[in-house]
Amino acid sequence: EGDLMDMQRLNAFHAMKRKLTTKGGVSYDQISKKLAEDLGLKRVPRRILGIDISHLGGAQIVASCVSFMDGIPDKNEYRRFNIKTVAFNDDYASISEVVTRVTKRFRSGLSPDLILIDGGLGQLHAAMKAMSAVGVSGVDILSLAKKEETIYLPTRPDGVKLDKQHGGLKTLQQVRDEAHRFAVQFQRHKRKAIFQ
């Protein structure tokens with residue numbers, strides 16, 4: 001009974017947090033609905049996974065997968081990966097491996113609304129192929145390229161640019177940057193262990 005009460009309290013907390021205003025007086029509910037509308041997503045993105053690859057001079061390739069729920073990092077769902085099937089820097093093959101490993105977990109657990117890949121169109125295609133091979137469908141996927149902040153989607157390979165002040169873009173940037181930070185942190189940790 002105590003567990004049920006805790007879960008109800010947690011659900012109430014998240015519901016309240018979604019309704020609370022964020023910067024500019026806009027709630028996450030409003031931001032996510034607008035993002036789904038502007039990008040033509042199948043689902044309103046409540047749970048977003050962010051995936052990034054990191055390496056040292058092309059070797060010692062690692063990956064991160066971070067999870068955000070209603071715009072808030074869910075650190076219990078963060079995962080780090082040593083890339084096993086790629087010996088030297090091949091970003092597409094590395095993304096394919098980590099997306100395969102991440103999406104295999106959906107069958108037995110958490111399925112996100114959106115997967116965000118750090119990169120461009122090539123990275124998106126590698127991730128899409130991996131998802132298709134595993135048999136995952138119904139989950140939105142996109143990539144976000146750093147330089148121009150262009151969003152690539154399966155339906156928009158030409159890329160989409162949202163206004164810099166768009167709350168949805170800021171959310172995607174936050175997820176992408178956190179995935180990058182977490183991957184680099186893991187890479188540094190491995191490097192330190194090697195040289196000690």
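Reader: What makes R46 and D70 a salt bridge?
Author: The rule asks for a side-chain nitrogen of Lys or Arg within 4 Å of a carboxyl oxygen of Asp or Glu. For R46 and D70 the closest N and O atoms are 2.9 Å apart, so the pair passes. This is a predicted model, where local features need pLDDT of at least 70, side-chain atom pairs count only at pLDDT 80 or more, and totals for chains, interfaces and linings use all residues. Residues are numbered from 1 along each chain as its sequence is written, and side-chain values use heavy atoms, with hydrogens and water left out.

Reader: Why is D70 called buried?
Author: Buried means under 20% relative accessible area, exposed means over 50%, and partly exposed is in between (1.4 Å probe, protein chains only). D70 has 6%, so buried is the word. R46, at 30%, is therefore partly exposed.

Reader: How do you know that K42 and D140 form a salt bridge?
Author: Their closest N and O atoms are 3.8 Å apart, so this pair also meets the rule. K42 sits in the loop between α2 (28-39) and β1, while D140 is in strand β6, 98 residues apart. Helices (H or I, at least four residues) and strands (E, at least two) are DSSP runs, numbered from the N terminus.

Reader: Is K42 buried or exposed?
Author: Its relative accessible area is 62%, so K42 is exposed. D140 has 6%, so D140 is buried.

Reader: Which residues touch the most other members of the largest nonpolar core?
Author: Such a core is a set of buried Ala, Val, Leu, Ile, Met, Phe, Trp, Tyr and Cys residues joined through side-chain atoms within 4.5 Å. Among its 27 residues, I51, V98, V99, V102, I115 and I117 touch the most other members. Helix α4 gives the most to this core, with 6 residues.
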